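Here is a briefing for a reader new to this structure. Take a look at the model before reading on.

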Amino acid sequence: MDFGGGTLDQGEEIMNRKDAPDLTTSLNDSQAEAVRYCEGPLLVLAGAGSGKTRVLAHKFAWLVSQRGLDPRSIMAVTFTNKAAREMRERIGRLLGVDLAGLDVGTFHSWGLRFLIRNYRDLERITGRRAATVYDRADTRSLVKAVMKELNIDPKRYEPGWVVDRLSRAKSEGDPRSLTPGESDFPIGPVFLKYQEGLARQGAVDFEDLLLLPLHLLLKDGSLLERERGRIGWILVDEYQDVNRPQYLLLKALSAERDRIMVVGDPDQSIYGWRGADMNMILNFEKDFPDARVFVLEQNYRSTSNILGGANGVIRNNFRRKPKKLWTSRSGGEKIHVLLADNERVEAAFTAEEVLRLRGQGFRYGDMAVLYRINAMSRLYEEVFLRNDIPYR
């Protein structure tokens, strides 16, 4: 098998190499302990800037170079393409092998490879094909066509809203029967026609990339055992962001094997609006009673003033795992807080700060403005235009 620049022979050479360096020498004690521990499931609670992706990459390399695992037997998944690229690059540098073609990537890329690998089972069990993957624009176009066919007014039911509700209905449904979750009109009628349209085109959408593999695994015991047999270890980044289908996939694949490491932080869970369920990481020790927990508290990214502010905020979170971030980088600029009477005062203050920093020699490109929702951007754009502040 070609590793995309490296061959299987090279992978075997890594596994069999007697002079392989100790991969943990560059890690702190907590990181190194998490990397070395391979006796059962483990939860790594990793605060912001504490090196969680570093630990996951070193764990992958440790399993190959020190424990003799075939790189093809390790499933390492995360959530975004950017995070997946970083993970692949780090592991590749540690092992000296290009990881193209291995199960290192996003949950959705793993699901696509699963469907391609098991395309005969997909057709046999569901009658579906996965010749094409619909992106958001493709999905929206199909939904608009279905709504037109069903005489559903797009002014009353905006197609983008319908797409979001379809996605939620699929994710909250029964993976064994592929029955969608409960939803209001017009989602039910649209769902049936939408699924028919996907099937006619031999297409799958993003939700299908998780749900169809899960459906096949739940319906076919021999396929489930075959897939479990392929996997030596499962490594999961950003575990606080898993949704229900992702959680059920991981649980099905790791059952009775206990070779799983998840890395995450409940205090950084921000994707509840798209289905992420923080309970998954909070309940990890219930799902895996023999799990070891490692806590990474040293932050390498921020100064002590920033961490003091962060700790002051997150200690008030409900249902959290205890930890306290610390750093060797003392001091730093203090955090300034403005209590504004309204959003216009807030925007005007932001513009004044930009101009003040510009006067101190900072470039406009050195500054960033973060806001909670897209609807807030208009106010900032207006005040920037009035003050001749360029923005992108």
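Which residues lie nearest the centre of the second largest pocket? They are H336, F349, E353, L357 and A368, out of 24 lining residues. The model is predicted: local features need pLDDT of at least 70, side-chain atom pairs count only at pLDDT 80 or more, and totals for chains, interfaces and linings use all residues. Residues are numbered from 1 along each chain as its sequence is written, and side-chain values use heavy atoms, with hydrogens and water left out.

**Overall build**

- The protein has 17 helices and 8 strands. Both are DSSP runs numbered from the N terminus: helices are H or I with at least four residues, strands are E with at least two.
- Along the principal axes, the C-alpha atoms fill a box of roughly 70 × 65 × 40 Å.
- Of the 392 residues, 45% count as buried. Buried means under 20% relative accessible area, exposed means over 50%, and partly exposed lies in between (1.4 Å probe, protein chains only).
- Take the contacts (heavy atoms within 4.5 Å) between residues at least 6 apart in sequence: 77% of them join residues at least 24 apart.

**Pockets**

- Pockets and cavities are found on a 1 Å grid over the protein atoms alone. A pocket is an open set of points with protein on both sides within 12 Å along at least five of seven lines, while a cavity is a set where a 1.4 Å probe fits but cannot get out. Lining residues have an atom within 4 Å of a point.
- Grid points are joined across faces, edges and corners, and a volume is the space filled by probe spheres set on the points.
- The largest pocket has a volume of about 1300 Å³. It is lined by 40 residues, and H108, S167, F206, E207 and R274 are the closest to its centre.
- Two or more lining residues of the largest pocket come from each of α5 (107-117), α7 (136-149), α8 (159-171), α10 (208-219) and α12 (244-254). The largest share, 9 residues, is from α8.
- The lining of the largest pocket has 15 nonpolar, 13 polar and 12 charged residues. Here Ala, Val, Leu, Ile, Met, Phe, Trp, Tyr, Cys and Pro count as nonpolar, Asp, Glu, Lys and Arg as charged, and the others, Gly among them, as polar.
- The second largest pocket has a volume of about 1000 Å³. Helix α16 (residues 343-359) gives the most to its lining, with 7 residues.
- By class, the lining of the second largest pocket has 15 nonpolar, 3 polar and 6 charged residues.

**Cavities**

- There are 2 cavities of 30 Å³ or more.
- The largest cavity holds about 100 Å³ of space. Of its 13 lining residues, K170, L178, F191, Q195 and L211 are the closest to the centre.
- Both α9 (187-201) and α10 give two or more residues to the lining of the largest cavity. The most, 3 residues, come from α10.
- The second largest cavity has a volume of about 40 Å³. Among its lining residues are Y239, Y247, F284 and F288.
- Helix α12 provides the largest share of the lining of the second largest cavity, 4 residues.

**Aromatic rings**

- The protein has 10 aromatic pairs. Rings of Phe, Tyr and Trp (its six-membered ring) pair if their centres lie within 6.5 Å; planes under 30 degrees apart count as stacked, over 60 as edge-to-face and the rest as tilted.
- F384 is buried at 8% relative accessibility, whereas Y391 is partly exposed at 39%.
- Y371, Y380, F384 and Y391 form one aromatic cluster.
- Two charges sit over rings: K59 lies over the face of W233, at 5.2 Å from the ring centre, and R292 lies over the face of Y37, at 4.7 Å. The rule asks for NZ of Lys or CZ of Arg within 6 Å of the ring centre and within 35 degrees of the ring normal.

**Backbone points**

- Most residues other than glycine have a negative phi, and most peptide bonds are trans.
- The peptide bond from F185 to P186 is cis, with omega near 10°. P186 lies in the loop between α8 and α9.
- L178 has a positive phi, near 60°. L178 is placed in the loop between α8 and α9, and is partly exposed at 31%.
- E238 also has a positive phi, about 55°. The loop between β6 (233-236) and α12 holds E238.
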